[in-house]
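Trainee: Could we go through this structure together, step by step?
Mentor: Gladly; please keep the sequence and the model in view as we talk.
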Amino acid sequence: MEEFKQLNAKVVAIETTDIDTDQIIPAIFLKTTTKVGLGKNLFSHWRYNEDGSPKEDFIINTPEAEGAEILLAGDNFGCGSSREHAPWALMDYGFKAIVSTSFADIFRNNSLKNGLLPVIVDEETHAQLMSLAMEDPNLHLSIDLESQTLNLPDGRKVEFPIDAFSKTCMLEGIDQLGYLQKQLDKIEAFEADYGNRVDTLTPA
Amino acid sequence: MSKPRTLFEKIWDKHVVMQEGNNPSVLYIDLHLVHEVTSPQAFQGLRDKGLTVRRPDKTIATMDHSIPTTPIGQPITDKIAAAQIRQMERNCQEFGVRLFDMDSENRGIVHVIGPEHGLTQPGMTIVCGDSHTSTHGAFGALAFGIGTSEVEHVMATQTLLQRKPKTMEIRVNGKLKPGVTSKDIILAIIAKNGVAGGTGYVFEYTGEAIRSLSMEERMTICNMSIEGGARAGMIAPDETTFEYIKGKPHAPKGAEWDAAVEYWKSLPTDEGAEYDALVELNADDLTPMITYGTHPGMGMPIAGTVPAPADVPVGERFTLEKALTYMDVEGGKPLLGKEIDVVFLGSCTNSRITDLRAAADLIKGHKVSDSVRFMVVPGSQKVKIQAEKEGLDKIFMEAGADWRTAGCSMCIAMNGDQLAPGEYAISTSNRNFEGRQGKGGRTFLASPLTAVASAITGKVTDVRDMMEG
Ligand code: SF4
């Protein structure tokens with residue numbers, strides 16, 4: 001996982017709320033056994049016509065979206081399935097942060113484990129950002145993870161929440177598996193005491 | 001006396017291995033279910049790091065998502081799917097994980113086979129790289145979906161890093177009327193609470209209406225907890241639960257059984273325990289439900305009218321308009337009588353033997369409308385075999401339905417079973433997202449009874465009309 005400290009990047013906005021993982025990456029592309037190459041099918045149903053040609057009116061296909069690394073989206077982003085292919089596809093496309101008023105639980109967890117930053121803002125800020133993005137196709141925002149702030153073009157700084165553990169992992173690019181492996185002693189001790197618990201899986 | 005605790009808290013407390021400062025808890029996992037779509041990258045991760053599956057005895061794998069539902073033994077024509085399935089076989093062999101493979105009688109949708117084999121038991125923590133793991137909560141287990149990184153974490157350590165969620169009691173009072181099913185209860189809850197209403201919570205379903213449901217009906221409700229935004233949904237274990245588990249292949253036996261039941265009886269929420277939130281619903285008021293839009297919260301009583309964008313708060317208008325355009329349905333109009341092309345009876349929500357029995361009962365003596373393709377897909381090979389023993393397959397086929405082999409099938413449309421662009425389907429599955437059942441396809445979610453009634457008439461139909469007739 002790469003470190004995430006600061007980001008100053010172009011924003012692309014999709015106003016739709018409840019964008020589900022079937023829109024982010026349709027199931028048909030989940031037959032892969034690797035994590036790479038999913039970006040070309042990001043938002044596939046919205047992005048391409050039947051014949052595979054790009055739909056010109058979809059924001060991601062417009063020249064303004066080129067190089068955008070921040071996605072601004074409606075409430076409850078990432079609802080639906082647990083597929084980690086969703087953050088993989090967003091990152092493979094080039095996104096590094098998603099800004100919304102809320103995220104679905106599993107999507108948020110999956111994103112943090114891959115170094116994709118979910119930025120939660122209040123409704124008012126969200127509405128302001130949406131109209132800024134509509135007015136200015138070249139809108140840039142900067143994010144500072146250490147201070148947990150999103151900097152608006154008018155100079156306003158908006159704080160966003162992130163739990164301390166995920167923040168450290170993101171800042172330092174630490175894979176959470178490493179943390180669990182360090183606890184193996186404790187896990188073994190827990191298991192040793194587990195024999196007298198009846199809720200163990202009976203062997204086949 | 002110790003502080004009264006909820007069902008969730010009892011299971012949570014028992015499985016926390018450790019917790020440091022403000023870090024998330026290390027939670028022990030009793031059962032890890034694995035399928036072909038969300039595991040390849042996890043196995044590769046283990047390989048890259050030189051790790052093993054630490055507790056293969058607590059891990060079980062099956063194939064369900066990308067497999068075709070054509071008869072067993074036929075070659076898989078989709079090359080990419082075939083490669084994924086081969087990779088699954090190799091991974092399970094290399095890491096010593098038990099696999100219910102393509103030819104196995106035990107194969108089926110991962111959330112159908114857990115309970116069917118008695119693997120799913122009260123008090124357990126159960127995870128799978130699949131959001132509908134919430135299904136297993138019907139047994140009074142803490143069961144939730146995880147991402148592929150977490151699949152790797154569980155494989156390597158049998159634990160997960162988790163923050164303790166909040167709890168929401170969903171109390172369903174009263175009694176269901178004829179023609180109204182547990183599917184209608186959960187669709188009504190999501191319509192009322194919204195698709196994000198449960199974010200950050202674990203649901204516990206309580207109340208008279210829930211207690212009177214069978215295990216399979218309870219599974220339908222817990223299955224769709226994730227559609228309500230909650231990662232897990234639970235129902236306290238009771239005699240109905242014990243009765244269902246007893247005698248299943250992995251169920252405890254003899255003295256172990258008695259000890260298990262005694263323990264399970266200690267799990268239900270204590271008198272006086274507090275939840276963080278409460279939602280109440282009366283089953284007497286419910287009618288069959290149907291969705292009209294492109295997420296499971298866009299649902300209404302079947303005889304209702306589709307909301308018009310002007311009727312909803314400003315913030316929701318854009319999404320509703322987009323949904324109605326995609327579905328090509330009109331706000332302010334009813335859905336009853338709308339012609340449909342496909343009926344899908346299947347998925348981890350409604351593909352168990354009791355679902356098939358109820359559907360067969362209703363279709364017996366009727367024919368599927370000429371304009372409808374009706375697919376019946378059992379949730380597992382065991383369900384299929386049982387249904388065939390009871391002659392349900394014949395009833396379906398005589399009516400003109402297509403009787404398939406077990407799998408996720410058209411619920412996810414990555415296996416060859418799918419809608420054509422523009423087609424309308426009534427589906428007993430759990431998701432009506434754009435393109436979920438095939439690019440450009442349109443899904444109305446409903447109960448098996450509503451699905452069958454509509455298959456007969458070729459139109460969106462209120463099953464209660466058929467039952468009175
Ligand atoms: S039946 Fe559908 S919802 Fe259930 S596990 Fe399969 S794809 Fe997922």
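Predicted model: local features only at pLDDT ≥ 70, side-chain atom pairs only at ≥ 80, totals over all residues.

Trainee: Which strands of the open sheet of four strands in chain B stand at the edges, and why is one side of each left without a neighbour?
Mentor: The order of this parallel sheet in chain B is β11-β10-β9-β12. An edge strand has a single partner strand, so one side of it is left without a neighbour in the sheet. From one strand to the next, the twist averages 20°. The strands at the edges are β11 (232-234) and β12 (277-282) of chain B.

Trainee: Which residue of β12(B) is the bridge partner of V172(B)?
Mentor: Strand β9 of chain B covers residues 166-173 and pairs with β12(B) in the parallel sense over six bridges. In β12(B), the partner of V172(B) is L281(B).

Trainee: Which strands does helix α6 of chain B touch?
Mentor: Helix α6, residues 182-193 of chain B, packs on the sheet, and its direction makes about 125° with that of β12(B). The strands that it touches in chain B are β9, β10 and β12.

Trainee: Where does the ligand sit, and how many residues of the shell around it are charged?
Mentor: The ligand sits in the largest cavity, and the residues around it include H65(B), D130(B), C348(B) and R436(B). The shell also has five nonpolar and five polar residues, and the number of charged ones is two.

Trainee: In the sheet of five strands, which residue of β17(B) stands opposite V376(B)?
Mentor: The order of that open sheet in chain B is β17-β16-β15-β18-β19. Strand β16 of chain B, residues 373-376, runs parallel to β17(B) and is joined to it by two bridges. Opposite V376(B) stands W403(B).

How values were computed: Residues numbered from 1 in each chain as written. Chains lettered and ligands numbered in written order. Heavy atoms only, no water. Pairing = 2+ DSSP bridges. Axes fitted to C-alpha atoms, helices over the stretch in contact; angles between N-to-C directions. Contact = heavy atoms within 4.5 Å. Near = heavy atom within 4 Å. 1 Å grid on protein atoms, 1.4 Å probe; cavity = no way out; pocket = protein on both sides within 12 Å on 5 of 7 lines; lining within 4 Å. Sits in = over half its atoms within 2 Å of the grid points. Nonpolar A, V, L, I, M, F, W, Y, C, P; charged D, E, K, R; others polar.
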